[in-house]
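Please keep the model open while reading.

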Amino acid sequence: MSDPYTEANRRNWDERVGIHLRDAGAIYPIEAFRAGADTLMPIEVAEIGDVGGRRIAHLQCHFGLDTLSLARRGGAVTGLDFSPAAIAAARKLAAETGIPADFVEGDVYEARALLTGDFDLVYVSWGTIIWLPDIRRWANVVASLLRPGGRLYLAEGHPFLSQFEEVGGRLVLAWDWKTPVDRPLAFDDAETYAGDGTALKTPRSYEWIHPISAIVTALVDAGLRLDFLHEHDAVPWAAVPMMRQGADRLFRLPEESAGPPLAFSLGATRTV
């Protein structure tokens, strides 16, 4: 049985699916995808390399846009998400577009038991590990999914950014730099980051800030070698209201605003 934090997050994400499928906030370009567009962001496009012929596990895949984009690039992809509404939508989108991909409903911590075989690439992107209380357990799951020599690719909002709120047009440090497993940050957001104005009926969610040092150490301890670690000045959603979306679909702070790094990405290889 799931813990109450995970259950609250699952209910919250079940409701988000229908909102995000409408694409009213220009975060999820579903119609462009149906017309053949790739939904991967420029950051991951520049970093993931050729995925043709690779077995890929996409963890916390939401309703599968990036999963299916990886499949269009030639990967044999399985998406995993804990939201039954998201998995149902992903399977429907795969059927509509005729793109071969598998989708499995389940908790990311149970991925090894839910997914068959070893993978060449574990792909994790954008707004994922903040929902997980135990980053070391997550790292061990990632390692268990990879064949020796297999790679992890992770792109995520920067934990430093997660510490800030916008107050009166300025960024203000609001949260501690790491969150205890048993004391998550609780939020009651009126709507989702897609920003289409739809009010959430189940607004309560819980998050954890994981320092980059904790993420990297957990992966190394799980048997992965760090290949690269990059920081970025853009993120795929408006983390604070002052951000503006560019032609590349990424959001940035105003040029005159000083602020933290907005995102990071890393690649790691299983060595044993």
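A crossing of two helices is called right-handed if the near helix is turned clockwise from the far one by less than a right angle, and left-handed if it is turned anticlockwise. By that definition, the crossing of α7 and α9 in this predicted model is right-handed. Helix α7 covers residues 135–145 and helix α9 covers residues 212–221. Their axes come within 8 Å and cross at roughly 40°. Angles under 35 degrees count as roughly parallel and those from 65 to 115 as roughly perpendicular, so α7 and α9 are oblique to each other. On the α7 side the contact is made by Ile135, Arg136, Trp138 and Ala139. On the α9 side Ala214, Ile215, Thr217, Ala218, Leu219 and Asp221 take part. By class, the residues of this contact between α7 and α9 are 7 nonpolar, 1 polar and 2 charged.

Two packed helices are described by the angle between their axes and the distance between the axes. For helix α1 (residues 4–22) and helix α5 (residues 84–97), the angle is about 35° and the axes are 7 Å apart. From α1, the residues Arg10, Asp14, Val17 and Leu21 meet Pro84, Ala85, Ala86 and Ala89 of α5. The contact of α1 with α5 has 6 nonpolar and 2 charged residues, and no polar ones.

Ala101 and Arg72 are 29 residues apart in sequence, while their C-alpha atoms are 9.5 Å apart in space.

The last topic is empty space. Rolling a probe the size of a water molecule over the atoms shows where such space is left. The model has 1 cavity of 30 Å³ or more, and about 60 Å³ of space lies in the largest cavity. Ile215, one of the α9 residues in the contact with α7, is also in the lining of the largest cavity. Other lining residues include Ile129, Ile130, Trp208, His210 and Phe264. Strand β5 (146–157) and helix α8 (159–162) each supply at least two residues of the lining. By class, the lining has 7 nonpolar, 4 polar and 1 charged residues.

Definitions and conventions:
Residues numbered from 1 in each chain as written. Predicted model: local features only at pLDDT ≥ 70, side-chain atom pairs only at ≥ 80, totals over all residues. Heavy atoms only, no water. 1 Å grid on protein atoms, 1.4 Å probe; cavity = no way out; pocket = protein on both sides within 12 Å on 5 of 7 lines; lining within 4 Å. Points joined across faces, edges and corners; volume = space filled by probe spheres on them. Helix = DSSP H or I, 4+ residues; strand = E, 2+ residues; numbered from the N terminus. Nonpolar A, V, L, I, M, F, W, Y, C, P; charged D, E, K, R; others polar. Axes fitted to C-alpha atoms, helices over the stretch in contact; angles between N-to-C directions. Parallel < 35°, antiparallel > 145°, perpendicular 65-115°, else oblique. Contact = heavy atoms within 4.5 Å.
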